[in-house]
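This report goes through one protein model, part by part. Please keep the sequence and the structure open while reading.

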Amino acid sequence: MSETYGERLNLVPKPFYIHKVHRTTPFNMPANHYHDAYEIYYMLSGERYYFIKDRTYRILPGDLVLIDKYVLHKTQTITKEHERVLIQYHDGLIDPIAGSSGWDPKPIFETPVLRLNIKQQAVVEGLIDKLLEESKSPTPESPLYVKIALTELLLFAGRCIREQTGSPLRAEPDNPMFERVSGVAAYINEHYAEPLSLTLLSELFHINPHYLSRIFNKVTGFSFVEYVNLVRLKEAQKLLVAGDKNVTQIADCVGFESLSHFGRVFKAAMGMSPKDFRKKFGS
């Protein structure tokens with residue numbers, strides 16, 4: 001797998017991954033990406049901007065971020081220093097526990113950010129400490145402990161979401177340009193199969209194209225063209241894996257004006273051709 005491909009579809013090789021880091025210098029994610037696993041991000045200290053799909057959130061200590069599979073996201077610096085915990089896990093990991101009860105954790109990831117109170121933070125941090133302990137010093141019981149603690153973390157997140165119904169965390173409100181860019185990004189996510197250009201979007205949203213290009217990159221961390229292509233490529237990957245359409249049909253379905261353009265963009269971003277991707281990851 002090429003490094004370029006890893007920057008886009010960031011495949012998570014393990015069924016469970018956890019990482020805690022304390023950074024003392026400004027840090028922006030070097031890659032705009034999405035991945036084939038669910039992601040849980042917990043902020044211990046400092047503040048970050050977190051762009052998720054089409055919204056930017058200001059993440060504070062005690063915030064729990066929930067990223068669904070194949071959702072574009074990127075973090076950017078607010079404070080010089082920050083500490084966070086990152087968890088990723090695959091479908092099927094907690095099925096033996098959750099499946100027996102009929103409980104489905106997937107709807108939890110429809111709420112991207114949870115702002116926890118002090119008591120809720122204590123519960124979450126206790127479960128995260130357990131997951132870190134079992135991962136750093138594994139015993140024969142650790143795989144089951146990890147599944148139990150992860151399931152409990154997701155159950156607790158679901159309870160917090162239910163308790164916060166009616167007052168969900170709003171996207172970053174500090175500057176009106178965040179809301180304008182969110183509208184543009186949401187339009188791209190909904191209309192990716194149609195012709196899209198900076199000129200078209202600037203006319204639709206009544207924004208100067210040069211200003212739109214600049215603020216889109218500043219708010220999301222993506223250039224306009226990069227974001228459009230990544231949304232289209234993400235959808236193309238799903239269709240390639242599903243196998244119901246040929247490559248020409250897929251290129252047309254996701255908005256590329258020609259098969260050759262689709263092939264060039266796909267290979268540049270993924271490090272392999274659409275056909276090779278289907279051979280490697282198709283069902």
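The sections below cover the sheet and its helices, the aromatic pairs, the nonpolar cores and some single residues. The model is a predicted one.

## The open sheet

Five strands make up an open sheet, and their order across it is β2-β9-β4-β7-β10. The pairing between them is antiparallel. Strands β2 (16–23) and β10 (113–115) stand at the edges; each has a single partner strand, so one side of each has no neighbour in the sheet. From one strand to the next, the twist averages 15°.

Helix α3 (residues 118–136) lies across β2, β4 (38–45), β7 (63–67), β9 and β10, and runs at about 110° to β2. Helix α4 (residues 142–163) also lies across β2, β4, β7, β9 and β10; its direction is at about 110° to β9.

Gly-126 is a residue of helix α3. Its relative accessibility is 40%, so Gly-126 counts as partly exposed. The C-alpha atoms of Gly-126 and Leu-153 are 9.5 Å apart, although 27 residues separate the two along the chain.

Is Gln-164 buried or exposed? With a relative accessible area of 18%, Gln-164 is buried, because the cut-off for buried is under 20%. Apart from neighbours within four places in sequence, the contacts of Gln-164 are Leu-114, Arg-115 and Gln-120. Of these elements of the chain, β10 spans 113–115 and helix α3 spans residues 118–136.

## Aromatic pairs and charges over rings

The model has 13 aromatic pairs. One of them joins Phe-51 and Tyr-227 edge-to-face, with 6.0 Å from centre to centre and 75° between the planes. Phe-51 belongs to strand β5 (residues 48–52) and Tyr-227 to helix α8 (residues 224–242), so this pair ties together parts that lie 176 residues apart in sequence. Both residues of the pair, Phe-51 and Tyr-227, are buried.

Tyr-227 also pairs with Phe-222: the ring centres are 5.4 Å apart and the planes stand at 75°, so this pair is edge-to-face as well. Phe-222 has 0% relative accessibility and counts as buried. Tyr-227 likewise has a value of 0%. Ring pairs link Phe-51, Phe-216, Phe-222, Phe-224 and Tyr-227 into a cluster.

Charged side chains also sit over rings. The charged end of Lys-130 is placed over the ring of Tyr-145, 4.3 Å from the ring centre. For Arg-232, the charged end sits over the ring of Phe-256 at 5.8 Å from its centre.

## Nonpolar cores

How many residues does the largest nonpolar core have? It has 38, and the residues with the most contacts inside it are Ile-188, Phe-216, Tyr-227, Leu-233 and Phe-262. Two or more residues each come from α5 (176–191), α7 (209–220), α8, α9 (247–253) and α10 (259–270). Helix α8 gives the largest share, eight residues.

Phe-262 shows how parts of the chain meet. Leaving out neighbours within four places in sequence, Phe-262 is in contact with Leu-233, Ala-236, Val-247, Ile-250, Ala-251, Phe-256 and Pro-274. A second core is separate and has 31 residues, among them Tyr-38, Tyr-89, Leu-131 and Cys-160.

## Residues with positive phi

Most residues other than glycine have a negative phi. Lys-53 has a positive value, near 65°. This residue is located in the loop between β5 and β6 (55–59). Lys-53 counts as partly exposed, at 42% relative accessibility.

Tyr-70 also has a positive phi, near 60°. The loop between β7 and β8 (73–77) holds Tyr-70. At 27% relative accessibility, Tyr-70 counts as partly exposed.

Key:
Residues numbered from 1 in each chain as written. Predicted model: local features only at pLDDT ≥ 70, side-chain atom pairs only at ≥ 80, totals over all residues. Heavy atoms only, no water. Pairing = 2+ DSSP bridges. Helix = DSSP H or I, 4+ residues; strand = E, 2+ residues; numbered from the N terminus. Axes fitted to C-alpha atoms, helices over the stretch in contact; angles between N-to-C directions. Contact = heavy atoms within 4.5 Å. Phe/Tyr/Trp six-rings, centres within 6.5 Å; stacked < 30°, edge-to-face > 60°. Buried < 20%, exposed > 50% of the residue type's maximum accessible area, 1.4 Å probe, protein only. Lys NZ or Arg CZ within 6 Å of the ring centre and 35° of its normal. Core = buried A, V, L, I, M, F, W, Y, C linked by side-chain atoms within 4.5 Å.
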